[in-house]
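Welcome, and take a moment to turn the model around before reading on.

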Amino acid sequence: MQWISLIILTAGCILKEVGHTLSSSSTPAAEQVGSGSSFLSSMLNVHLLFIMIQVFSSCFAGVYNEYLLKDTGAEVHVMLQNIFMYVDSIICGLLVLFYQNPSQVFTVQEFSKVIANPRVIIIVLNNAAIGVTTSLFLRSLNSILKTFASALELMFTAVLCWFIFGIAIDVYTVVAIVVVSAATFLYARNPVVNQGKLAAEASADSALTSVTAK
């Protein structure tokens, strides 16, 4: 049931993006399919390879981060782990900026412009809050639930875009929302429970205490 719900969830997300692809394409879908080799060549290219590398890297990083939070680094405080992660991100970001244009990045004028821009500060605080929330989420729950939570974003994004920007909700979005909701319902019937090493040790200690008390 868990694998079926994940497959249905993936199909719902793909269906949502298919709607965007067909609506943004200047060539009708029927003509693209009829062209055969040209349609396949437009789908199977080096850009798809880069996207797949990014997808697998993101999935591996999420699962490995959960492993570190719950097993290897379970005894380290989650906020200290976040500090290590953000210091590493800052160093990598500075290296990239230094490689692109070191003469303009590491100047007092450019740095003061960045700090004085309230939009930059809001973006930094928002991303930091997302990172801390994600770490707490993975610490208490798991990567699969995080994936379902991200997929449920389809509903809220579609409604908010229609309410704020006036973007119409198409048939693909409606069907994708229904499919994602069905996948979430199936997974909720038999979710994966992974509490980690500390939770297992705590439960074992409580069981031993109860047996000793008897």
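## A buried ring pair and its surroundings

Phe148 and Tyr187 are both buried. Please keep in mind that the model is predicted.

The protein chain has 12 helices and zero strands. Along the sequence, this reads as the pattern α-α-α-α-α-α-α-α-α-α-α-α. The protein chain has 214 residues, and 14% of them count as buried. Among the contacts with a separation of 6 or more, 77% join residues 24 or more positions apart.

### Where helix 9 meets helix 11

Two packed helices are described by the angle between their axes and the distance between the axes. For helix 9 and helix 11, the angle is about 155° and the axes are 10 Å apart. Helix 9 is therefore roughly antiparallel to helix 11, since an angle over 145 degrees counts that way. The crossing of these two helices is left-handed.

Which residues make the contact? From helix 9 come Ile144, Leu145, Phe148 and Ala151, while helix 11 brings Val180, Ala183, Thr184 and Tyr187.

With a relative accessible area of 22%, Thr184 is partly exposed. Beyond residues up to four places away in sequence, Thr184 touches Phe148 and Leu152. Thr184 and Phe148 are 36 residues apart in sequence, yet their C-alpha atoms are 6.7 Å apart in space.

Helix 1, which spans residues 2-24, also has a residue to look at here: Ser5. Is Ser5 buried or exposed? Its relative accessibility is 0%, so Ser5 counts as buried. Leaving aside neighbours within four places in sequence, Ser5 is in contact with Phe148, Ala183, Leu186 and Tyr187.

### Aromatic pairs

How many aromatic pairs does the structure hold? There are three. Two of them are set side by side here.

| Aromatic pair | Distance between ring centres | Angle between planes | Arrangement |
|---|---|---|---|
| Phe60 and Tyr64 | 5.8 Å | 5° | stacked |
| Phe148 and Tyr187 | 4.6 Å | 25° | stacked |

The rings of Phe60 and Tyr64 count as stacked because their planes are at 5°, and the cut-off for stacking is under 30 degrees. Phe60 and Tyr64 are four residues apart in helix 4, which means that about one helical turn separates them. Phe60 counts as exposed because its relative accessibility is 59%. Tyr64, at 42% relative accessibility, counts as partly exposed. Ring pairs also bring in Tyr67, linking Phe60, Tyr64 and Tyr67 into a cluster.

Phe148 and Tyr187 form a stacked pair too. Phe148 lies in helix 9 (residues 143-151) and Tyr187 in helix 11 (residues 171-189), so this pair ties together parts that are 39 residues apart in sequence.

### Where helix 4 meets helix 8

Helix 4 covers residues 46-72 and helix 8 covers residues 118-140; their axes come within 9 Å and cross at roughly 70°. The two helices are therefore roughly perpendicular to each other. Helix 4 passes helix 8 in a right-handed crossing.

On the helix 4 side, the residues that meet helix 8 are Gly62, Asn65, Glu66, Leu69 and Lys70, and their partners in helix 8 are Ser135, Leu138 and Arg139. The residues of this contact of helix 4 with helix 8 divide into two nonpolar, three polar and three charged.

### A loop residue with several partners

To finish, look for Asn142, in the loop between helix 8 and helix 9. Asn142 is buried, because its relative accessible area is 4% and the cut-off is under 20%. Which residues does Asn142 contact, leaving aside neighbours within four places in sequence? They are Glu66, Lys70, Phe137, Tyr187 and Val192. Asn142 and Glu66 are 76 residues apart along the chain, while 6.8 Å separates their C-alpha atoms.

How values were computed. Residues numbered from 1 in each chain as written. Predicted model: local features only at pLDDT ≥ 70, side-chain atom pairs only at ≥ 80, totals over all residues. Heavy atoms only, no water. Axes fitted to C-alpha atoms, helices over the stretch in contact; angles between N-to-C directions. Parallel < 35°, antiparallel > 145°, perpendicular 65-115°, else oblique. Left-handed = near helix turned anticlockwise from the far one by under 90°. Contact = heavy atoms within 4.5 Å. Nonpolar A, V, L, I, M, F, W, Y, C, P; charged D, E, K, R; others polar. Phe/Tyr/Trp six-rings, centres within 6.5 Å; stacked < 30°, edge-to-face > 60°. Buried < 20%, exposed > 50% of the residue type's maximum accessible area, 1.4 Å probe, protein only.
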